[in-house]
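Thanks for sending this one over.

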Amino acid sequence: MDQRFLEPAVLAAISNLELVARTVVDGFIAGLHRSPHFGFSQEFAEYRMYTPGDDLRHVDWNVFARTERTYLKKYKGETNSRLTVLLDASASMAFSSHKTNKMDYARFLAASLTYLGSQQRDAVGVLVFDDDIRDFVTPSSRSGQLRRTLHALDQAEPRRRTDFGRPFYHFQEMMRNRRGMVVVLSDFYEDPETIVKAIEPLRWRGNDVVLFHLLDPVELRPRFDGPVLLIDSETQTSLETTPEYARDEYRAKIDAHTAALAAKARAAGLTYHLAPTDRPLDECLREFLLVRQGRL
């Protein structure tokens with residue numbers, strides 16, 4: 001697999017979300033086998049090179065078509081794991097300084113995670129939220145579930161303001177007696193304490209919770225040649241700023257925000273990852289797999 005095909009800018013040119021997910025996951029798996037540090041999990045260790053005499057029914061032809069490498073995949077059966085991806089569809093997720101906006105990056109990552117989960121026979125589902133729940137595909141491993149989750153991701157569009165309290169409260173009530181892994185994809189433009197207070201009850205109920213903090217590279221390190229007027233996409237408030245402010249004061253504030261969110265999340269037992277939207281998708285999958293295997 002050419003590693004270019006794991007780059008968000010290249011994936012943005014692929015119109016089919018399932019094809020994006022297959023491209024990312026197949027490349028990710030091929031990369032694990034090329035790595036001298038391979039050995040993530042028993043599930044993935046069952047992918048091995050073909051040797052003469054192996055049953056061709058177990059060949060992963062999707063991987064072969066993309067990598068020209070012949071791997072076998074075998075499963076022990078149902079894993080009984082449950083994966084729910086929560087996707088922030090608030091207006092700020094539409095921002096981009098390059099070919100991939102935050103919403104599309106989140107879509108790519110969500111699709112890859114659910115595709116990976118379905119390949120492992122997990123029950124997968126997706127919830128789309130802004131200031132309330134906009135769509136919810138209940139986790140399931142039944143036939144056609146991947147198609148249902150991908151359809152929900154395809155239909156998600158950034159529209160309103162974020163409110164972590166209401167949608168997370170309703171989600172916790174709906175999933176009260178069900179445990180699994182919950183992955184939250186968001187730009188987390190809210191007070192870190194408010195965010196963690198809304199999400200941490202999921203951890204109390206026995207779920208593994210992973211936060212992927214999606215930010216555009218320009219949101220992390222803005223570059224202006226002169227004074228600019230910035231408009232908040234959710235509140236429509238405006239702020240005139242200078243290159244000096246962006247370089248110094250703003251950078252200090254965004255660094256403090258991400259550091260505070262990371263610290264409060266980890267103190268609450270949540271796993272936090274900062275994910276700039278120019279970052280290759282396989283890096284996020286590697287972090288997800290490490291969490292799944294209890295190594296982070």
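1. Helices α7 (residues 165-174) and α8 (residues 192-204) have axes that cross at roughly 15 degrees and come within 9 Å, so the two are roughly parallel to each other (angles under 35 degrees count as roughly parallel). Axes here are lines fitted to C-alpha atoms over the stretch in contact, with angles from 0 to 180 degrees between N-to-C directions. Helices are DSSP runs of H or I with at least four residues, strands are E runs of at least two, and both are numbered from the N terminus.

2. On α7, Gly-165, Phe-168, Phe-171 and Gln-172 make the contact, meeting Ala-198, Ile-199, Pro-201 and Leu-202 of α8 (contact means heavy atoms within 4.5 Å).

3. A word on the source: this is a predicted model, in which local features need pLDDT of at least 70, side-chain atom pairs count only at pLDDT 80 or more, and totals for chains, interfaces and linings use all residues. Residues are numbered from 1 along each chain as its sequence is written, and side-chain values use heavy atoms, leaving out hydrogens and water.

4. Most residues other than glycine have a negative phi. Arg-121, however, has a positive phi of about 70 degrees; Arg-121 sits in the loop between α5 (102-119) and β4 (123-129). Its relative accessible area is 35%, so Arg-121 is partly exposed (buried means under 20%, exposed over 50%, partly exposed in between, with a 1.4 Å probe and protein chains only).

5. Phe-188 also deserves a look, with a positive phi near 50 degrees. Phe-188 belongs to the loop between β6 (181-186) and α8, and counts as buried because its relative accessibility is 0%.

Notes: Parallel < 35°, antiparallel > 145°, perpendicular 65-115°, else oblique.
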